Amino acid sequence: MHKTRFFSGIALLALSAAACGLAAASPERDVVVPAEPTMIDFVDPAAVAGLSTRTLTEDHYAGNRFVHIDYPEFQSAPALNRALHAQAERQLRDFRGRTKGRSAYPKPELNVDWQLAAASPQAFAVRLRTGEFQGAGWSYSTRTYWFDRRAGKVTESAGLLDGEHALRQLTQLVREQLKGRGAQVAREEVSARGDRFDSMAFNRSGDLVVEFDDCQIGPCSLGRLAVAIPAERVRPLLSEFGQRAQDDIREAARRAQDNVHAAAERAPIRQSETAESPQAASNQAGTVDCAKAKCVALTFDDGPGPFTARLLDILRKDRARATFFVVGSNAAAQPELVKRMSAEGHLVGNHTWDHKDLSKQATSRITDSLARTEDVVEAAIGQRPALARAPYGATSQSVRDVAAGLGLALVDYDVDVKDLLTHKAGDITDLAVRKAHPGAIILMHDIHREAVDAVPDILKRLRGKGYSFVTVPELYGSAGMQAGRLYRSGDELPGKRPLT
């Protein structure tokens, strides 16, 4: 059984406030480890009211590439939503064009995830992180969009500055900061061009963090390059909006630190302790005996998304349960939907943190992607997933070994309704009903409207054929599921005779 470690009250709060590996409070009261100045305090998206997620994806249907693009959507910022959607579409079109007709193994891959660099009364800032795999390894780039909530306008990062003159002055400041980085960094490549300053945000001190893409001003092997221009030096270069955003972020950091200190005064320092977290299970498991009944398992990948709540409404109304393989970054942004899945009898599984092809990853990366998602789900429902599904169905011996170490059984499928390919709910329904069989594991995606639209008719028509809808482990009954093993269908166990 997996262990979860609980830290002292002050450390736990500080870790929450300083997301993404930034400075955390030390075990001693009121002693704070200084942050690396180019690190950004990303905002917990779950704390932003009205935030949901959107996804553009291409699976094996695309033939020669894998694509997964996630970005946030805000109830109160339609202009920002349109800008983010347009950027996602541009990246998808560009990647399609560059990979068209190519036949390569492993397949080229485009992956875009996001963080909130700001979420304040004045501004939203969405940092898009793009990874591309073209055979030799992954390369990364970032772009940060800012939204002025007062004016209702979207701007790219250069909009934080007060015009072209300020951009030229910033260029000189950045070059100064790069002097000590060695001969490998080409400072002359930093020029007052928009693509050199397309990802900027403020750290907790109000310093302006300027990020460069891999290979942009130095060898690709250097990875992320960034500089932090001190708040006082950059202040005169900021636009009126940039100054408001800087002030908000500094004030938010001050409030967060005050809260940490206040909590430290209230909470006693205690030694670390361990507690076991139970494996995730449906709270309705055992109500159907799949050795006697005709069972199928509906599984939904890539959420939670904008249609997941409606899907849960449908399943609750029709008294059916399903297995949800959630993407960790989406689950972190919408934990209430994950809680609802578990509370209503469904099973929550692990679909990695950001939907990258695990078979291309080093063991450490595979572990991190699965473990981060485990932690997010556990925080939401108090249980750790016991099942995982590899993105794109791509597994390897390393994936199986890591899954075994984390206590995860791997789940594939044997019925694909092709909801990523079709835009007609009726076609999805017909395929699901035609291919269903006792013990079937059916692949669907709750990020697509048409897939959710098809569910009521799928439930009705399969119920008419005598089927019950259960979670994946219920297909295997008392035999159970073993960590590290790959499961494709509930009728694949030795000696198991499918019902007719």
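Predicted model: local features only at pLDDT ≥ 70, side-chain atom pairs only at ≥ 80, totals over all residues.

Student: Okay. How many helices and strands are there in the protein?

Tutor: The protein has 13 helices and 20 strands. Those are DSSP runs, numbered from the N terminus: helices are H or I with at least four residues, and strands are E with at least two.

Student: And what percentage of the residues count as buried?

Tutor: Of the 500 residues, 53% count as buried. Buried means under 20% relative accessible area, exposed means over 50%, and partly exposed is in between, using a 1.4 Å probe and protein chains only.

Student: What about contacts between residues 24 or more positions apart?

Tutor: They account for 70% of the contacts with a separation of 6 or more. Contact here means heavy atoms within 4.5 Å.

Student: Switching topic: how many disulfides does the structure hold?

Tutor: There are 2 disulfides, each being a pair of cysteine sulfur atoms within 2.5 Å. C215 is joined to C220, S to S 1.9 Å, and C290 pairs with C295, with the sulfur atoms 2.2 Å apart. If you number the bonded cysteines in sequence order, the pairing reads 1-2, 3-4.

Student: Which hand does each link have, right or left?

Tutor: The link of C215 and C220 is right-handed, with 125° about the S-S bond. The link of C290 and C295 is left-handed, with -95°.

Student: Are those cysteines buried or partly exposed, and why?

Tutor: C215 is partly exposed because its relative accessibility is 34%, and C220 is partly exposed because its relative accessible area is 48%. C290 and C295 are both buried.

Student: Where does C215 sit?

Tutor: C215 is in the loop between β9 (208-212) and β10 (225-229). C215 also has a positive phi of about 75°, although it is not a glycine.

Student: Which other residue has a positive phi of about 75° although it is not a glycine?

Tutor: T352 has one. T352 lies in the loop between β14 and α9, and it counts as buried because its relative accessible area is 0%. Q361 is placed in the loop between β14 (347-350) and α9 as well. Skipping residues up to four places away in sequence, Q361 touches W138, K356 and I366.

Student: You mentioned α9. Which helix do its axes come within 10 Å of?

Tutor: Helix α9 (residues 363-381) pairs with helix α10 (residues 397-406): their axes come within 10 Å and cross at roughly 40°. Axes are lines fitted to C-alpha atoms, for helices over the stretch in contact, and angles run from 0 to 180 degrees between N-to-C directions. α9 and α10 are therefore oblique to each other. Angles under 35 degrees count as roughly parallel, over 145 as roughly antiparallel, 65 to 115 as roughly perpendicular and the rest as oblique.

Student: Which residues make the contact between them?

Tutor: Among them are I366 and L370 of α9, along with V399 and V402 of α10.

Student: How about α6 and α12, at what angle do they cross?

Tutor: Helix α6 (residues 308-317) and helix α12 (residues 449-464) have axes that come within 10 Å and cross at roughly 5°. That makes α6 roughly parallel to α12. The contact includes L311 and I314 of α6 and V452 and L459 of α12.

Student: What about the peptide bond from G303 to P304, cis or trans?

Tutor: That peptide bond is cis, with omega near -5°. P304 lies in the loop between β12 (294-301) and α6.

Student: Last one: where is R143 found, and what does its side chain join up with?

Tutor: R143 is in strand β6 (residues 138-148). A polar contact of 3.0 Å links the side chains of R143 and E156. A polar contact is a pair of N or O atoms within 3.5 Å; within protein, one must be able to donate a hydrogen and the other to accept it, and residues adjacent in sequence count only if both atoms are side-chain atoms.

Conventions:
Residues numbered from 1 in each chain as written. Heavy atoms only, no water.
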